[in-house]
Amino acid sequence: SVGAAAGAATRSSLTIATRYATRRRQFEGVPGQEKRLIEHRAHRLRLLPRVARSYALALLQNQIIERIHEQEKLIAAGEWDVANPSDEQTWKQREMESRAAAVKVAATRHATDTIQECREACGGAGYMAENLLTVHKADSDVFTTFEGDNTVLIQMVGKELITAYARGLSDLDPMGIVRLGVENVGDVLRRRTAVPMAVQSLVDAVTDREETDIFEAGYQVKLFEDREANLLRSLARRLRGAKKMEVEDAVKAVDAAQDHLIACGWARIDAMLLEAMVEAELKLDEGSVGKRVFEQVRTLFALSVIDEHSGWYQEQNILSGVRTKAVRAAMNDLVDSLGPWADVLVDAFAVPRALVDVPMLADAGVGEVSRD
Ligand SMILES: Cc1cc2nc3c(=O)[nH]c(=O)nc-3n(C[C@H](O)[C@H](O)[C@H](O)COP(=O)(O)OP(=O)(O)OC[C@H]3O[C@@H](n4cnc5c(N)ncnc54)[C@H](O)[C@@H]3O)c2cc1C
């Protein structure tokens, strides 16, 4: 798929740029000792949050493939009739299509942004065709447009979310509606958007948004869910009257809320990415080095998204300015502690050597060619 091709081109580019950063030396720190690029914090901040998002995308893509496989098994066993699906199966199918659209949008947007950053992060050498970054850029550029333009597809993700929400409400029996008084949009969403149980129980344990440790997985998922539920609730309010309007007025009302619908779609995508990371992390051995490093990668992804939306979190009184400053400080700490792992993190992408053994990594100008 286009999403998978975008992911592969991005991981290849990040592998090249990160290896270059751990070899190429520029500017002295201590007099007489030139620093490697990765030893400059600005450089770590350019590469490592993007490495973290690539992990999230790869995990979400794997999760979707697993679910499609499960669905195929049910179809083969005669338990899922494609020509005559049950109501629940129809909704599951739509949720899956929305997930696939979300991955396409997220992976191709990430590719366009990241491959350009990788090209720049390798300076002039990055512009040489033999070092492949410009080739990946040229190949992946159109991915945001074909097989469904991203701006159109993201609206499909948002629309599916609001439809699922409306259905969640219409599904409720009278007792459920009474309970909705004490529940919130998030509860309806969770019933409809397939949040894994293990992830949800981490979220449910969070009680205080201003006090909980920002490194906690459940807290991070909660902040992502808050963004999704909050945007969805206000979008639903804006569109509530449209159903009863004349067509022309309804079209105007929907158009006026288009940016809001797109913001909802992105909030859903980010939540799915973080949930996929947390789900994968729960399978790692407690106390293992792998888990300790992965926790930092997951936190770096989560905090980079929260930082990107810090203005929104403050506008909505979900996080204080003190808290969003702490998020930025934690990102700096994380890229410092992950810096020494940079090579390992991209080695784990396991990109074939033929795609990443480029001349600039072996040139004398790089200063250090051995990877041992
Ligand atoms: C290299 C290449 C190969 C292709 N191969 C195939 C193929 O094999 N089979 C096939 O069927 N098609 C193919 N396509 C077509 C591709 O699917 C379309 O180009 C794509 O869906 C975008 O449609 P469009 O070009 O008409 O752009 P337009 O729909 O005209 O979009 C132009 C701009 O307007 C924006 N826009 C459009 N509608 C909306 C909206 N409702 N709300 C907000 N913004 C909007 C878009 O975001 C975009 O930025 C290919 C395209 C390319 C470039």
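## Helix 2 and helix 3

Helix 2 and helix 3 cross with a left-handed sense (the near helix is turned anticlockwise from the far one by less than a right angle). The contact between helix 2 and helix 3 comprises eleven nonpolar, eight polar and nine charged residues. This is a predicted model, in which local features need pLDDT of at least 70, side-chain atom pairs count only at pLDDT 80 or more, and totals for chains, interfaces and linings use all residues. Residues are numbered from 1 along each chain as its sequence is written, and side-chain values use heavy atoms, with hydrogens and water left out.

The axes of helix 2 (residues 41–76) and helix 3 (residues 87–121) come within 10 Å and cross at roughly 155 degrees. Helix 2 and helix 3 are therefore roughly antiparallel (angles over 145 degrees).

## Helix 1 and helix 3

Helix 1 (residues 2–21) and helix 3 have axes that come within 8 Å and cross at roughly 25 degrees. Helix 1 and helix 3 are therefore roughly parallel (angles under 35 degrees). The crossing of helix 1 and helix 3 is left-handed.

## Helix 14

Helix 14 (residues 321–338) has 18 residues, which should span 26 Å at 1.5 Å a residue; its end C-alpha atoms are 26 Å apart, in agreement. The expected span is 1.5 Å times one less than the number of residues.

Buried residues of helix 14 are Arg323, Thr324, Val327, Ala330, Met331, Leu334, Val335 and Leu338 (under 20% relative accessible area, 1.4 Å probe, protein chains only). Seen down the axis of helix 14, these buried residues fall within an arc of 135 degrees, so they line one face of the helix. On the other side of helix 14, Val322 and Lys325 are exposed (over 50%).

Technical notes: Axes fitted to C-alpha atoms, helices over the stretch in contact; angles between N-to-C directions. Helix = DSSP H or I, 4+ residues; strand = E, 2+ residues; numbered from the N terminus. Parallel < 35°, antiparallel > 145°, perpendicular 65-115°, else oblique. Nonpolar A, V, L, I, M, F, W, Y, C, P; charged D, E, K, R; others polar. Arc of directions from axis to C-beta.
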